[in-house]
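How do the labels used for a structure follow from their cut-offs? The questions below put values against definitions.

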Amino acid sequence: MKVQLFFLSATLIYGTFSEFDIYHILQENLVLKVHYRKKSSRKNNYGIEKLFVIGDSYADTGNLPKMWKDKPYGLTFPGKPDGRFSDGHILTDFIADFLGLKSPVPYRMRNAQKKDLQYGINFAFGGAGVGKTLSSVPNFSTQVDFFEELIKKAVYSKCDLEHSLTLVTLSGNDYSAFLARGGTILDLIITFIPGVVQKLAAILKRISDLGVKRIAVGSLPPLGCVPVITISSGFKQCNYTANMASILHNSILADSVAQLNNESLSTQFEILDLDAAFTTIIQHVQDRKGALSYFLDLVVSSVFQMAFSCCCALPIREVVITNFFFLGFDAPKLHAEAPLTPCCQGIANYSCGDVDSNGKQMYTVCRKPKHAFFWDNAHPTQAGWHAVFSVLKPTIKDLCEFS
């Protein structure tokens, strides 16, 4: 085993073989087989029987299906628009698959047969926030009202809640609405961001009070790196000011979650660090060797750490991501040249999926969405979400093990 690992490490460092060759060498040496399993058989290994979701377009899997119609959304999965704000699977789907569950049905299907509700329910609506946004959709407080109503109707029991996980995502709709209505950057930083996080913390407390034992809340992604912002630089660089807003939000959120954990005896709150995940992935796909090379370096580095003592492990590359193995879907091969460029782009002043008054398509779609991190001006592709999930996986695992 040691000889095989040394050979693999040397191969990566000196480039004797191509990345494709190395991938198959790793397979033959059972390195990949130790960690990677094929499409989930939905065997639940954590005792989590339900996934509930509160949030916005970063988690919505179909509460607004009529929004898309003939747009290119759903191109990768399921091959047609189904209400997801991406070309395919999103974070909700990957977490559900990791738990051994089917993705919970959207709230609009709450009157479906009981067996369709057995994996939980998704209350998230694209465009939602903790307050009044630019979209007339149920905000987070109303979504929790929906959740509470189903509990009162005995759709879900106390036991269901105790053996569940709730995902909460807030991606910035409150902030974009504030600025669109004439709010200033100074007011945003001094008063509005703290107020939004305070409302979010109150939402988390309400969910806990319902009897949920495990709550995962996403941090704010680096807003300065989303295409709607980076378009001003030709998708070349992130905006520092916008990213500082994310940093402030996440700092206050960390304090709020720590306080919630200190005050709660029965619920564990964990932050899914979307900011670090997005930033890490974007930085590494810009590497001249590409994402696959980074992935392979990580595999060998991790195996060395398991096979040898820490003093003997080879420091191939300093990394932040601790696990690049995925469950249920093909590993992403993200584009190495332009990670900030969205796959689906509007022409002129149009957006992804728009048509003009004559019905003419006013957007373009890249040939291979699996090579892009962003799908449109705000949302990752299926491949992008897949990579994000891989970074968040250890945190999700820790939360699942809470009892």
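**Labels and their grounds**

Q: Why does Cys 238 count as partly exposed?
A: Its relative accessibility is 30%. Buried means under 20% relative accessible area, exposed means over 50%, and partly exposed is the range in between, with a 1.4 Å probe and protein chains only. Cys 238 therefore falls in the middle class.

Q: What kind of model do these values come from, and which atoms do they use?
A: This is a predicted model, in which local features need pLDDT of at least 70 and side-chain atom pairs count only at pLDDT 80 or more, while totals for chains, interfaces and linings use all residues. Residues are numbered from 1 along each chain as its sequence is written, and side-chain values use heavy atoms, with hydrogens and water left out.

Q: What makes Cys 225 and Cys 238 a disulfide?
A: Their sulfur atoms are 2.1 Å apart, and the rule asks for a pair of cysteine sulfur atoms within 2.5 Å. The torsion about the S-S bond of Cys 225 and Cys 238 is about 115 degrees, so this disulfide is right-handed. Cys 225 sits in the loop between β5 (214–218) and α9 (227–230), and Cys 238 in the loop between α9 and α10 (240–263), so the bond ties together parts 13 residues apart in sequence. Helices (H or I, at least four residues) and strands (E, at least two) are DSSP runs, numbered from the N terminus.

Q: Is Cys 225 buried or exposed?
A: Cys 225 is buried, because its relative accessible area is 5%.

Q: How do you know that Cys 343 and Cys 366 are bonded, and what is the handedness of their link?
A: The two sulfur atoms lie 2.0 Å apart, and the pair forms a disulfide. The link of Cys 343 and Cys 366 is left-handed, with -100 degrees about the S-S bond. Cys 343 is in the loop between α12 (290–307) and β7 (344–346), while Cys 366 is in the loop between β8 (363–365) and α13 (382–400), so the pair joins parts 23 residues apart in sequence.

Q: What makes the link of Cys 344 and Cys 352 right-handed?
A: The torsion about its S-S bond is 95 degrees. The sulfur atoms of this disulfide are 2.0 Å apart. Cys 344 is buried at 2% relative accessible area, and Cys 352 is buried at 7%.

Q: How many disulfides result, and what pattern do they follow?
A: The count comes to three disulfides. Counting bonded cysteines along the chain, the pattern is 1-2, 3-6, 4-5.

Q: What makes a set of residues a nonpolar core, and how many residues has the largest one?
A: The members must be buried Ala, Val, Leu, Ile, Met, Phe, Trp, Tyr or Cys residues joined through side-chain atoms within 4.5 Å. The largest nonpolar core has 52 residues, and those with the most contacts inside it are Ile 121, Phe 123, Phe 140 and Val 168. Two or more residues each come from β1 (50–54), α5 (140–152), α7 (173–180), α8 (185–209), β5 and α10. Helix α8 gives the largest share, eight residues. A second, separate core of 39 residues includes Val 53, Phe 94, Ala 387 and Val 391.

Q: Which residues is Phe 123 in contact with, leaving aside its neighbours within four places in sequence?
A: Contact means heavy atoms within 4.5 Å. The partners of Phe 123 include Phe 52, Val 53, Ile 54, Tyr 107, Phe 146 and Leu 150.

Q: Which residues of α7 and α8 meet?
A: From α7 come Asp 174, Tyr 175, Phe 178 and Leu 179; from α8 come Ile 185, Asp 187, Leu 188, Phe 192, Ile 193, Val 196 and Val 197. These divide into nine nonpolar, no polar and two charged, where Ala, Val, Leu, Ile, Met, Phe, Trp, Tyr, Cys and Pro count as nonpolar, Asp, Glu, Lys and Arg as charged, and the others, Gly among them, as polar.

Q: Why does Lys 205 count as partly exposed?
A: Lys 205 has 37% relative accessibility, so it belongs to that class. This lysine lies in helix α8.

Q: What share of the chain is buried?
A: Buried residues make up 51% of the 403 residues. The chain has 13 helices and eight strands.
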